[in-house]
Amino acid sequence: MTDTASFSFDTPAGSRALSLAYERTGAGQPLLLLHGIGHHRQAWDPVVRVLAGERDVISVDLPGFGESAALPDGVAYDVRTVAGALTAFCSELGVPRPHVAGNSLGGLLALELGRTGRARSVTALSPAGFWTGPERRYAFGTLWAMRRGARALPVPLIERLSGSVAGRAALTSTICARPGRRSPEAVVAETLALRNAAGFEGTLAAGRNASFTSDVPGVPVTVAWGSQDVLLPRRQGVRAKRVIPGARLVRLPGCGHVPMNDDPALVSRVILDTSR
C-alpha cells in the first residue's frame, strides 16, 4: 500500500516542504531503494519480496517521479539537493541511516548518501556519474528519445505493444536485456511513468554537471554492472572502482541497465550480501 511522507528539507534557497510516495514492507534493518531517472519505485518490485525476508524495505518515488511531488519551484534537481531531501525523508520515517541500494540515478544518490555518512551500506547498480563527456551525451540523448517516444505513443498503442514480446522489446530493450520476462502491466506502467515524470527535464539539466569523484570511506560499497548494459557501458564500473578503491565491483551476467528485471535472484543476493 502506498504511503506519503511530508517533511521540510534544506535547499540553497532555504527550507522547503516536500511530499514523497513510498511503500514499506518486511522487517529487520532498514533498506532504502532508489530508482533511476524516468522510472518509479515499482522498478524494485521483482526483488522486494526476497529483500523483505531480511530487511525493512522502503521503496520510494524520487521527487518529480512516480507518485511523488515535484521539487518546489526554483529548487534544482542536483544530486546534493535530492540527497538532502532523501535524508530528511528518512529522518521523517525514523530511519536516519539505512542501508541504501540504487539504480542509475538512484545509484549515484546512494553513493552520495554513503559519502555524507547517511547510509549504513551502499549497493549501486549501474550508477550514473562515472561517464566521459561523450558517454554522458549518448546516455542523455537516448533518454530523451525514450521520453519523446513515451509521450508520442497513444496509451492504447502502448497497451497493445506491451501485449507481445516484440512490443515489450521495442519499449524497454534499452534498459532491459530480457524484456520478454516483463509482464505487460509492468511495461505499461513503466512507460507511463516515463511519460508523466515531472522531474525528468530538471534532472537531466542538473545531470550535465553530475559526476562522482569522491571516495566513500568507512561504508561497505558494492558497485554492480550488467554485462549487457547499453545505456551506461560496464567499463564505467572500472572507473567507479578507481574512484572508490574499497568498493566491491560485481559483474551481473546477462543483465541490462535495470538488472532487477533481468535477474532478480542475483540482484537480491548482491544487495543482501552488501548490507550484511
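**Close-up 1. Helix H2 and the lining of the largest cavity.** Helix H2 (residues 79-92) contributes most to the lining of the largest cavity, giving 3 residues. The model shown is predicted. The cavity lining consists of Leu-86, Thr-87, Cys-90, Pro-96, Pro-98, Leu-113 and Arg-118. By class, the lining splits into 5 nonpolar residues, 1 polar and 1 charged.

**Close-up 2. The volume of the largest cavity.** The volume of the largest cavity is about 30 Å³. Leu-113 and Arg-118 are among its lining residues.

**Close-up 3. Ser-104, in the loop between strand S5 and helix H3**. Most residues other than glycine have a negative phi. Ser-104 is not a glycine, yet its phi is positive, at about 60 degrees. Strand S5 covers 99-103 and helix H3 covers 105-115, with Ser-104 in the loop between them. Ser-104 has 9% relative accessibility, so it counts as buried, the cut-off being under 20%.

**Close-up 4. Ser-126, in the loop between strand S6 and helix H4**. Here too the residue is not a glycine and phi is positive: Ser-126 has a value near 45 degrees. The loop that holds Ser-126 runs between strand S6 (122-125) and helix H4 (133-152). Ser-126 is buried because its relative accessible area is 1%, and buried means under 20%.

Technical notes:
Residues numbered from 1 in each chain as written. Predicted model: local features only at pLDDT ≥ 70, side-chain atom pairs only at ≥ 80, totals over all residues. Heavy atoms only, no water. Helix = DSSP H or I, 4+ residues; strand = E, 2+ residues; numbered from the N terminus. Buried < 20%, exposed > 50% of the residue type's maximum accessible area, 1.4 Å probe, protein only. 1 Å grid on protein atoms, 1.4 Å probe; cavity = no way out; pocket = protein on both sides within 12 Å on 5 of 7 lines; lining within 4 Å. Points joined across faces, edges and corners; volume = space filled by probe spheres on them. Nonpolar A, V, L, I, M, F, W, Y, C, P; charged D, E, K, R; others polar.
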